[in-house]
Amino acid sequence: MRRASAATRASATARASAATGASAATRPSAATRASAATRASAATRRRAARAALVALALACVVAGLATSPTATAQQDGRALFASACSACHGEDARGVPGKGPSLIGAGAAAADFYLSTGRMPLSTPRTEPQRGPPDFTAAERAALVRYVASLGSGPDIPHPRPGNTQRGFAAFRDHCAGCHSITARGGVVPPGTAPALQQANATQIAEAVRVGPYLMPPFNERQISDAQLDDIVAYVLAQRHPDNRGGWGIGNIGPIPEGLVAWLLAGTALLLIARLLGERA
Ligand code: HEC
Ligand code: HEC
């Protein structure tokens with residue numbers, strides 16, 4: 001490509017210098033031809049650049065496909081564990097003192113709960129795990145869950161069925177309300193907090209009860225039967241659509257989001273005041 005355009009340029013130069021020798025009358029047309037040749041070679045270069053860009057874009061797409069979730073999902077859970085979890089839980093998942101507990105026998109329920117609620121991987125070992133968007137795709141999580149489950153027998157992922165909200169209220173009052181409050185809006189459990197339960201889905205609620213994350217105690221089937229667990233799940237899910245949750249009439253979204261809205265309003269007011277002061281100065 002480059003050789004061709006060089007040749008074009010060379011012949012244009014030759015033609016231009018030939019034109020120099022020619023009469024004054026023919027000179028302008030030779031100059032026109034020369035600049036046309038320059039333009040042609042510039043066009044060739046532009047086309048080459050465009051082709052290179054297209055090739056680069058294609059290469060990016062191919063590279064993107066190679067590292068996309070579909071490709072990483074094919075990696076086994078052990079490899080994912082080695083890269084994302086072993087720093088705290090150890091290469092053999094037997095735990096690292098001061099960093100993370102052993103996961104031998106933690107079970108599928110614990111792994112699924114901690115991964116699907118974005119609690120793991122933790123960023124720093126001594127902080128309370130918080131709910132957040134999961135770090136891994138569903139397929140990657142499934143691979144990690146299979147790996148942790150393979151380390152020893154532990155609670156399986158529960159599959160709650162539709163339960164009775166009235167009975168659920170009583171069980172929740174007896175077992176859960178002390179920490180999460182009777183409306184499941186959350187509360188303080190020194191040195192941590194019991195979260196509001198509006199974000200957890202049915203499976204995650206049942207998993208939390210059987211696993212007992214962080215400061216929450218686990219409840220086995222003697223303390224809370226599977227049928228009672230179904231009722232508790234029904235009650236917690238029903239707390240999402242109560243008639244009125246109090247607070248301002250901004251869609252009954254509860255006290256914490258309302259606090260955020262208050263901050264947003266206050267922040268806007270402050271900005272306006274700062275603007276006014278700035279204009280005066
Ligand atoms: C001793 C206090 C305590 C009791 C009792 C308790 N919890 Fe919890 N619960 C907690 C704490 C603390 C957390 C947060 C754990 C963490 O940070 O990983 C939690 C987390 C949860 C979560 C996860 C919420 C989310 O958004 O990810 C659910 C669901 C849950 N609890 C349900 C229950 C249910 C149902 C009961 C009753 C059977 C119950 N809890 C009893 C303290 C408690
Ligand atoms: C920065 C350190 C750190 C990293 C990284 C980390 N963990 Fe953890 N993990 C912890 C700590 C600390 C706890 C105990 C917290 C608790 O009890 O809630 C824990 C608890 C867990 C539990 C619950 C154990 C049980 O017996 O209930 C599971 C399951 C888990 N981690 C899985 C993982 C997986 C899978 C990864 C990688 C994707 C990971 N962790 C990455 C520190 C870490």
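The shell around ligand 1 draws at least two residues from each of helix H9 (177-180), strand E2 (192-194), helix H10 (202-211) and helix H11 (226-238). Helices (H or I, at least four residues) and strands (E, at least two) are DSSP runs, numbered from the N terminus. This is a predicted model, in which local features need pLDDT of at least 70 and side-chain atom pairs count only at pLDDT 80 or more, while totals for chains, interfaces and linings use all residues. Residues are numbered from 1 along each chain as its sequence is written, and chains are lettered from A and ligands numbered from 1 in the order in which they are written.

**Ligand 1**

- Ligand 1 is surrounded by 29 residues, of which Cys176, Cys179, Ala208, Tyr214 and Met216 are the closest; a residue counts as near if its C-beta atom, placed from the backbone, lies within 6 Å of the molecule.
- H10 supplies the largest share of this shell, four residues.
- The shell has 19 nonpolar, seven polar and three charged residues. In this classification Ala, Val, Leu, Ile, Met, Phe, Trp, Tyr, Cys and Pro are nonpolar, Asp, Glu, Lys and Arg are charged, and the others, Gly among them, are polar.
- Ligand 1 lies between domain 2 (77-149) and domain 3 (165-238), because both give residues to its shell. The domain bounds come from an automatic or database domain assignment.

**Ligand 2**

- Around ligand 2 there are 25 residues, and the closest are Cys85, Cys88, Gly100, Met120 and Pro121.
- Helix H5 (86-89), helix H6 (107-116) and H7 are the elements that give two or more residues to this shell. H6 gives the most, with four residues.
- By class, the shell around ligand 2 has 21 nonpolar, three polar and one charged residues.
- Domain 2 (77-149) and domain 3 (165-238) both contribute to the shell around ligand 2, so ligand 2 also lies between them.

**Helix H10 and Val211**

- Eight of the ten residues of H10 are buried, so H10 is largely enclosed by the rest of the structure. A residue is buried if 20 or more other C-beta atoms lie within 10 Å of its own, exposed if 12 or fewer, and partly exposed in between, with C-beta atoms placed from the backbone.
- The buried residues of H10 are Gln204, Ile205, Ala206, Glu207, Ala208, Val209, Arg210 and Val211.
- H6 and H11 are included in what covers them; two residues are in contact if their C-beta atoms, placed from the backbone, lie within 7 Å.
- Val211 counts as buried because it has 23 C-beta neighbours inside 10 Å.
- Apart from neighbours within four places in sequence, Val211 is in contact with Ala109, Ala110, Phe113, Pro155 and Pro218.
- Val211 and Ala108 are 103 residues apart in sequence, and their C-alpha atoms are 9.9 Å apart in space.
- Gly212, which follows H10, has a positive phi near 65 degrees.

**Packing of H4 and H7**

- The axes of helix H4 (residues 77-84) and helix H7 (residues 138-149) come within 8 Å and cross at roughly 95 degrees. Axes are lines fitted to C-alpha atoms, for helices over the stretch in contact, and angles run from 0 to 180 degrees between N-to-C directions.
- That angle makes H4 roughly perpendicular to H7; angles under 35 degrees count as roughly parallel, over 145 as roughly antiparallel, 65 to 115 as roughly perpendicular and the rest as oblique.
- Gly77, Arg78, Leu80 and Phe81 of H4 make the contact with Glu140, Ala143, Leu144, Arg146 and Tyr147 of H7.
- The contact has five nonpolar, one polar and three charged residues.

**Backbone points to check**

- Most residues other than glycine have a negative phi, and most peptide bonds are trans.
- The peptide bond from Met120 to Pro121 is cis, with omega near 0 degrees, and Pro121 lies in the loop between H6 and H7.
- The peptide bond from Pro190 to Pro191 is cis too, with omega near 5 degrees; Pro191 is in the loop between strand E1 (187-189) and E2.
- Ala93, in the loop between H5 and H6, has a positive phi near 65 degrees. Ala93 is buried, with 22 other C-beta atoms within 10 Å.
- Tyr214, in the loop between H10 and H11, has a positive phi near 50 degrees. Tyr214 counts as partly exposed, with 15 C-beta neighbours inside 10 Å.

**Chain overall**

- The chain has twelve helices and two strands.
- Buried residues make up 23% of its 281 residues.
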